[in-house]
Amino acid sequence: MWLKKMISFPIKSKLQFKSPGFWLIVILGISIVFPWLNRFTQWIDNTNIENRTLASRPGFKDLSLNNYDSFPGKVDRWMSDKFGLRSEFMRLYGKMNLNLFQKSPLPRDVYFGKEGWMFFTGNELATYNGYARFSDLELDSFYRELNDRRTYCKSKGMEYYFVIFPAKQSIYGDLQPDAVIGLKRKNRTDILIEYLKKRDPSLHIVDTRSALIEARKTWFPIQVFYKTDNHWNPLGAWHGHAALVNQMHRDGLKVKLPGNPKSSRYRLDKQDGYSGNLAQFTGLSGALTEPKYWLVPLFEKQAISVANYECKTPQFSNAWEYQMRFNNKDTTLADVLFIRDSFGSDMINELAESCGRSLFIFDEWKYGMNTDWVERHKPDVMVNLVVETHLENVLKKVR
């Protein structure tokens with residue numbers, strides 16, 4: 001009897017193929033298996049689009065009597081981050097929020113403004129609206145740190161410059177939601193610069209915010225920051241570099257002036273289809289695009305990229321651009337060491353053109369003195385390039 005049932009089972013199962021229950025089981029099985037297969041096959045793109053390192057697989061070292069209660073949470077985060085369709089579902093979620101609800105899919109990290117503008121929350125918003133503040137003790141620490149750096153540079157026969165780049169909200173704050181604009185008050189960058197200038201007017205502090213505000217007016221309706229990214233675009237970076245070079249020239253340093261960006265020395269160019277990091281993080285890369293603008297020099301460039309110094313490169317997200325080195329055919333220009341962040345990426349070629357030997361170090365957003373690079377490069381000028389949302393990192397006194 002049991003043999004007869006086994007033989008007849010396939011015949012009976014065929015009769016069930018049209019039943020909803022059968023197809024529900026099939027769909028459920030595919031939905032379970034396919035994401036894991038996709039992890040290895042990448043039939044559907046699942047590259048990390050988040051601004052963080054995804055959770056690693058927990059091992060036995062993570063399981064002990066002291067932390068056994070946290071182990072399930074670590075497993076859950078790992079499984080969630082390694083889900084084979086995570087990035088694709090985030091893209092679908094982002095598009096649904098944009099097209100159906102006209103809101104950010106990640107409101108704790110990114111918020112939408114007017115006319116398609118996107119902004120980071122966190123320290124960028126807190127810097128704009130004045131919520132992030134420096135105490136009196138921190139202001140004094142800033143002066144002491146910058147004065148120590150200047151003193152060190154003087155002992156090496158160098159000049160020291162501290163350059164502040166604007167966050168996106170500082171230039172396009174009026175394109176944020178009205179509720180955010182209403183919170184605006186004097187921010188910490190204003191307070192810090194006023195304090196430093198009052199404490200010691202001889203410090204070389206370059207605030208590029210006014211130059212970018214003027215550039216926005218000059219180029220309107222062309223923007224100098226990205227709508228879908230928290231950085232300035234190459235056109236904005238050009239004006240940031242010009243603000244620094246012009247100030248160095250006024251201080252008597254031998255640098256090459258960039259000239260008028262709307263003169264015959266340059267041509268404005270653009271490329272459509274750019275999606276920045278804010279669009280990427282919210283799963284809207286490709287769904288939200290914009291033009292990318294930059295200035296093309298029409299003169300013969302004198303700066304030449306040369307082999308980097310041999311060194312051990314630290315491991316961080318921008319390690320590939322940790323060190324960049326240039327020589328200039330004009331050997332009379334000042335040699336400069338730039339310690340920068342990601343805002344400095346789009347101004348490297350322009351700064352190299354304005355200086356003699358130039359070395360650019362991306363020191364993991366630490367903005368330290370990097371005395372080892374000073375000793376190696378032996379520049380005439382040391383420059384810290386700092387975006388205002390990371391100013392507090394300077395107080396960590398990394399050498």
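Asp178 counts as exposed because its relative accessibility is 55%. The cut-offs: buried is under 20% relative accessible area, exposed is over 50%, and partly exposed is in between, with a 1.4 Å probe and protein chains only. Lys114, at 30% relative accessibility, counts as partly exposed. The two side chains meet in a salt bridge, 2.7 Å from N to O. By salt bridge I mean a side-chain nitrogen of Lys or Arg within 4 Å of a carboxyl oxygen of Asp or Glu. The pair links distant parts of the chain, 64 residues apart: Asp178 sits in helix 8 (residues 178-181), Lys114 in the loop between strand 1 (110-112) and strand 2 (118-120). Helices (H or I, at least four residues) and strands (E, at least two) are DSSP runs, numbered from the N terminus.

A word on the source. This is a predicted model, where local features need pLDDT of at least 70 and side-chain atom pairs count only at pLDDT 80 or more, while totals for chains, interfaces and linings use all residues. Residues are numbered from 1 along each chain as its sequence is written, and side-chain values use heavy atoms, with hydrogens and water left out.

Back to the charged pairs. The structure holds 19 salt bridges. Next, Arg150 and Asp200. Their side chains meet in a salt bridge at 2.6 Å, N to O. Arg150 lies in helix 6 and Asp200 in the loop between helix 9 (188-199) and strand 4, so the pair ties together parts that are 50 residues apart in sequence. Buried or exposed? Both Arg150 and Asp200 are buried.

Glu300 pairs with Lys329. The closest N and O atoms of this salt bridge are 3.7 Å apart. Here too the pair links distant parts of the chain, 29 residues apart. Glu300 is in the loop between strand 6 (290-297) and strand 7, and Lys329 is in the loop between strand 8 (323-328) and strand 9. Glu300 counts as exposed, at 59% relative accessibility. Lys329 counts as partly exposed, at 47%. There is also a network: salt bridges that share partners join Asp140, Arg144 and Arg199.

Two strands pair if DSSP finds at least two bridges between them.

Look at strand 9 (residues 336-340) and strand 11 (residues 381-387). They run parallel, joined by 4 bridges. Ile339 has Asn384 of strand 11 as its bridge partner.

Last, two single residues. Leu351 lies in helix 13 (residues 348-354). Leu351 is buried, with a relative accessible area of 0%. Contact here means heavy atoms within 4.5 Å. Leaving aside neighbours within four places in sequence, Leu351 is in contact with His241, Leu244, Val245, Phe338, Phe360 and Leu385. Val255 is 96 residues from Leu351 in sequence and 9.5 Å away in space, C-alpha to C-alpha.

Gly273 is in strand 5 (residues 266-274). With neighbours within four places in sequence left aside, Gly273 is in contact with Thr289 and Glu290.
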